[in-house]
Amino acid sequence: MPIELAVFLVGLAMAFAIALVLFVLVYPPLRRMFALNSTLQSARSFYARTFFLIMLLAAWTPLLEQGVPPTPATEHKPQAQAEPAPAASEPQPEAVPAAAEPSPPAETEDAFMTAVWHIAVGLKSVCLSVSIFLAVYVVVLTVLYATLGRIRDASGA
Amino acid sequence: MTNEQYLVVSYFASAGAGILLAFLTALFLSGPLTRALQRVARPLASVFRRFLPSWLILAVLLGFLSVTYYDCSHGTYQEIVADRDHLVQKNFEQGADMTWYLAAALAAYGLVLGLSLLGGLRAAPPDRQPPASAP
């Protein structure tokens, strides 16, 4: 499996974990709130599943937007193409010694930290997106509670 | 696979995957939705059940179609097709927009469903109304 794809999948898995943790934290109080009356109780399953789906989609959206991390070759290609060739009449600059190729261990460390930074940037956006949707969902639940929660009936807890 | 073939395949595959995701989401929610709509009047409940898949598919399509392949450095079809990285990036953007619109559509649907539950509670017959609180 290419390293870029692995990094992307790790990011998706971490976003899934964030959504799952949020769901586990929020579901017990959500269940108690939906036990207030029978109308809310019948809608409990729908809102619980919707909540999980919204959190999951909100967490995955920024990672999909970010895409897979670019390979080092892809990163350098446009710069190399954009660099104009020196004209023959112009005086040639001093020959610059070619940059020494990084040794394999340094290259591995570079790739690892680049992958970590890529995931970190993605997770920052994940937190923002999840926060926004969490706020929206709290508003939805507040409206639901304000309209239905005050009404108690026999089947309610 | 040439870039042009990749463009055609990935474009329609993205649209298909988005529609499939919306359909599966609607299927995943259909059971709980039926239970939630037990207290809602039958015609309105029927409308709500039929409305959910169409609503989600339309939201996903809206997200999919909101992505354009043209930008500052890709003004023509030839420039777009020549850049494979650009095509891949646009595929990811389509996926991101589709999931974002799907999440927003679900939140909006939840809000409207809550209002319909309120309507159902008010329209319920007197024996199903909550008892008045004792003094």
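Two residues are in contact here if their C-beta atoms, placed from the backbone, lie within 7 Å. Keep that rule in mind as you click through this predicted model, in which local features need pLDDT of at least 70, side-chain atom pairs count only at pLDDT 80 or more, and totals for chains, interfaces and linings use all residues. Residues are numbered from 1 along each chain as its sequence is written, while chains are lettered from A and ligands numbered from 1 in the order in which they are written.

**Stop 1: helix H1 of chain A**

Select residues 3–34 of chain A, which form helix H1. Helices (H or I, at least four residues) are DSSP runs, numbered from the N terminus. The expected span of a helix is 1.5 Å times one less than its number of residues.

Now zoom in on Tyr27(A), where H1(A) bends by about 40°, with a proline, Pro28(A), following within four residues. The bend is the angle between axes fitted to the seven residues ending at a residue and the seven starting there.

Next, colour by burial: a residue is buried if 20 or more other C-beta atoms lie within 10 Å of its own, exposed if 12 or fewer, and partly exposed in between. Buried residues of H1(A) include Val7(A), Phe8(A), Leu22(A) and Phe34(A). Val10(A) also lies in this helix, and it counts as partly exposed because it has 15 C-beta neighbours inside 10 Å.

**Stop 2: helix H3 of chain A**

Move on to H3(A), residues 44–66. Its 23 residues should span 33 Å, and its end C-alpha atoms are 34 Å apart, which agrees.

**Stop 3: where the chains meet**

Show both chains: the contact takes 29 residues from chain A and 29 residues from chain B. On the chain A side, H3(A) gives the largest share, 13 residues.

Finally, display H3(A) beside H1(B), residues 3–36. The two helices pack at about 155°, with their axes 7 Å apart; axes are lines fitted to C-alpha atoms over the stretch in contact, and angles run from 0 to 180 degrees between N-to-C directions. That makes H3(A) roughly antiparallel to H1(B), a label for angles over 145 degrees. Pick out Phe46(A) and Leu53(A), among the H3(A) residues that meet H1(B), where the partners include Phe28(B) and Leu33(B).

Note on methods:
Parallel < 35°, antiparallel > 145°, perpendicular 65-115°, else oblique.
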